[in-house]
Amino acid sequence: MAYRALLIGASTYDDPAIGDLPFVPEDLRQLHAALSARGFASVEVLEAPRGIIRTTVNARVGGFLREARRDDVLLVVLSGHGQRFEGTDYLIPEDASFAIRPFAECCVAIDWQRELEDSAAAQVLFLVDACREGFARDTMSPVGVRGWGGQRIAAALRRKVGYLYACSPAQVALFVKPNEQAADGTSPGESFSLFSRAVAGVVAELPHAMDLGEFHRQVQERVTALHRAYAKPGSPQAVRLATDLDGADFTVLPGPPKDAGVHPWVRSVTGHAAWERTAAGPAREAIQEAAEELAAQLARAYDESGAVLTDDPWHDAQLATRTQERANFLVRGLDPATAFSPTEAALLALLPLVTQAYWARQAASRAAVLDGTAPRPEQDRFQAFTRSHPRLVRRLAALDQTAEPHGDAARIRWWLHHRWLLHQPELYTGGALAALLALPDRPERPAWCSGALGPARFAHFLQDQRQAPFAHPQGPALPDTVAASTGHEHMVRQDVVGALAKTAHALAVDPVDLSEIVAEHLGISDAVDTGALLATLRGSDWRGAGAGRSLNAECGHPAVQIALREHATRTDALLRDISRGAAGGPLHALPAYADADRVRLTGGAAHHLTEGIRFQLAEDRVQELLMGESLYSDRDLAVRELYQNALDALRHRDARTQYLTRTNSGRRLPPWTGAITFRQGIAPDGRGYLECHDNGVGMGVTEIARAFAQGGARFVDLPEYAEEQAEWSQLDPPVQLFPNSRFGIGVLSYFMLADEIEVRTCRMSREGRPGRQLRVTIAGPGNLFRVEDLGEGDEPGTVVRLLLSRGRAPVSVVDVLEQVLWVAQYRTTAEQGARRGVWEAGVLADAAGAGQPPVASGHPDLWWTDEAGQLMADGLFVKCSGVHDLLPYGVLVNLHGPHQPELTVDRAEVIAFSRDHAVRLACEAAARESASAARMANWYWTAKVSTDSPQVGDAVIAAAARTGRS
């Protein structure tokens, strides 16, 4: 940011009817000296051979505005005579003549609107010292000249331009003559303008950074003092500010902070715009003091964490400040009648700081996962998360092999680290925030303050903001009451506060919120520069665009350009979502939409002609691939998908039921046992069908639209699931759910068997109640979903009916399940005509294994066999050809929960698994039930086991010895 000034003064007039102003040059000289000493990058006094004439002034002001660079603050001083004509203010140049009619045609209109719109300057302030004494206004009456007025500001410039006038309408800007004496008997010996002298005094004598509001007040005080000192007649001239800028948002003069000893975060809370919309009184005073104290605590905590994150390329130290600025902008743009309660104002002021301090602390405290030194469970969770980003995993493997010198591997790992943190449910509890928000007790502080600004309240906002950053905030239907039944009672509209906080965060553009495309452009020859990325975000803003806002940013890389455009699109969705629910309330004044029309590449950016060209997918062809045998190779796998999706639904209901039972937070729940039923037959119309019925958690419209119908989306990515995880994690032990869904595309495999799908489903609510019964008909993968509401449901669950394709070879559901379902977690049945298969929960199926029936080991997840090792994933047989050498001989292992193996897209074959876990299970089983292991321990079998895994061999030999076998 640079401060620049242009000083223009008209003093010697050609027309004798216009009095000269000989003091103007000296006024400008003093202003030049004061501004230069103040640290302005440039201060120019306009001088021209032909004097201060209209063309010269217009040319230089236009050039001054065009030459400005991004974030410059410009000061334009106009001193001389002035007039107002037909709604426009004019500076009268030195060559003006009353012989010209209308007189305004020879004057300088103070209206450089086009130049201001095109200027890159952040803000521009005009100081207008005009409408002088000595101007023969009576001669202007015939042509309609009136006294000095107020400049109109174009809507697009309301947040950019201000005008500070030396006087108000019907007043004149006074000056002191050389022979005038002050009240103390002294004479200045010079002539000067009261306004210009006051401005020069403020600039020279008050060295701290000064915003427009304070600057206005200080100039007025000095003008008033000079008026009284020289006994000028009448009331002091009223210095008038014409702008839509809030004074606190425009720093007119550079310098150190006025309260340099106070942390900027505390100052940001003290000066937050929300307090201006809060009624004064003891409640506001108490909670504002508490908020300032919390801001100081948060600042200290953040500074400690920030010192650990110096190597984190995604850590934006200016994010909280930028979010505060956006929040102030939004609050000041609300309807003038909109008011906030004391707690609402405090929340709005503190939320950006809480967000920054909390996530910085979490990133710093869990950074050990980056070098593999974190505790084992945490390290395993991080590694499991990274596998959900296969492109980045492959990039990291390549970078680690080449020992790349630019640190891109570390940048990728830091990005994964931040994304991983957002998926840790325990971080969204009030307990996790308690240490940051511990408000010390003070006798004079009302007790309600601690609850109003307590961890639980902030946890709600934090979770909603992070897990669904671009969705309408979720809040209670009714406002919350604070300080109930006291003189301080007031309400908190969590939906209003949440909407403003979310919008401010979206407008601030958190680098962690940007799409994966940025991280995917690390570790390549044309890599994203993360330092330049942060500079782009810090230099970005949102310009007015009708009723909305347009993201304005210069990008040094096409990936950043694409990411910012995507961010603007998601911000647009948030604003439109909020707008739909505003209904004339306080949020209706927020920007109605957002776009990325001003996001552009810099001229020197690599590949700046490509405008983000990249590989795209042809939707219809990709759908054919995802539902065809080209990808899955075996149509039977559609049956596996039906089972696994039903299994996830049962697990979800099971976990939800456990939570409700343990917390007594739901209604009295009826007894429930999960079950899956398959039926295959011929419908009355002669068409074959295959049906899967589960009494699991079911689906509502949200789950159908945002998970079932979205290829690549999973139910675990929905905000409701993340909220539940946060609640479950607070129990001891926590309720855990390990879904088997990996890619979110398996549902498309249904069309390997079917031309049409019909779904009947009823969602179990978070309170344990059945919701609406829905029927969904899908005529094909490219067709629209027809959703019908059948009324209130009786029992949660889902029935998926596949109307089988004619002309294709039939698939037997009983045959398929007998081949692959070896251990069912919940009772499963399959019926096909007279054939019927039953799989009891937890019992190994008779068809399991390839040779002799496996022998139970005493451990529910492991059996002994007389053949090469085999694996199940969630009870389903999976091939191990790629990892066969890693699996110990003689064991059949069921991997599930946190030990689920990594599978191919069709989930039929293992890519990777934890050998250590399989070995540990075998050793534990041998120790737990020696007889089972000893039963298998002949010489040949034991030798094979020991060759593959000496640990398991030793355990089996020890088991045999305990039973007396040798």
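Biologist: Why are α15 and α16 called oblique to each other?

Modeller: The axes of helix α15 (residues 455–467) and helix α16 (residues 494–508) cross at roughly 50° and come within 10 Å. Angles under 35 degrees count as roughly parallel, over 145 as roughly antiparallel, 65 to 115 as roughly perpendicular and the rest as oblique. α15 and α16 are therefore oblique. Axes are lines fitted to C-alpha atoms, for helices over the stretch in contact, with angles from 0 to 180 degrees between N-to-C directions. Helices (H or I, at least four residues) and strands (E, at least two) are DSSP runs numbered from the N terminus.

This is a predicted model, in which local features need pLDDT of at least 70 and side-chain atom pairs count only at pLDDT 80 or more, while totals for chains, interfaces and linings use all residues. Residues are numbered from 1 along each chain as its sequence is written, and side-chain values use heavy atoms, with hydrogens and water left out.

Biologist: Which residues of α15 and α16 meet?

Modeller: On the α15 side they are R457, H460, F461, D464, Q465 and R466, and on the α16 side Q494, V497, G498, A501, K502 and H505. Contact means heavy atoms within 4.5 Å.

Biologist: How do you know that strand β8 is largely enclosed by the rest of the structure?

Modeller: Buried means under 20% relative accessible area, exposed over 50%, and partly exposed in between, using a 1.4 Å probe and protein chains only. Five of the five residues of β8 (residues 161–165) are buried, so the strand is largely enclosed. V161, Y163 and Y165 cover one face, and G162 and L164 the other.

Biologist: What makes β7 and β12 partners of β8?

Modeller: Two strands pair if DSSP finds at least two bridges between them. Five bridges join β8 to strand β7 (residues 123–129), and these two run parallel; V128 has Y165 as its bridge partner. Four bridges join β8 to strand β12 (residues 240–243), in the antiparallel sense, with Y163 partnered by A242.

Biologist: Why are β16 and β18 said to stand at the edges?

Modeller: The open sheet has the order β16-β17-β18, with mixed pairing. β16 (541–545) and β18 (594–601) each have a single partner strand, so one side of each is left without a neighbour in the sheet. Neighbouring strands are turned by 30° against each other on average, direction ignored. Helix α19 (residues 558–582) packs on this sheet, touching β16, β17 and β18, and its direction makes about 170° with that of β18.

Biologist: What order do the strands of the eight-stranded sheet take?

Modeller: That open sheet runs β23-β22-β21-β24-β20-β19-β25-β26, again with mixed pairing. β23 (785–792) and β26 (835–839) are its edges, since each has a single partner strand. The twist averages 10° from one strand to the next. Within the sheet, strands β19 (residues 675–682) and β20 (residues 688–694) are antiparallel and share seven bridges.

Biologist: What makes a set of residues a nonpolar core?

Modeller: The members are buried Ala, Val, Leu, Ile, Met, Phe, Trp, Tyr and Cys residues joined through side-chain atoms within 4.5 Å. The largest such core has 113 residues, and those touching the most other members include L350, L433, L453 and F458. Helix α9 (residues 342–365) gives the most to this core, with 15 residues. Leaving aside neighbours within four places in sequence, F458 is in contact with L347, L350, L351, V354, L433, L437 and L453. A second, separate core has 77 residues, among them L31, V73, L75 and V202.
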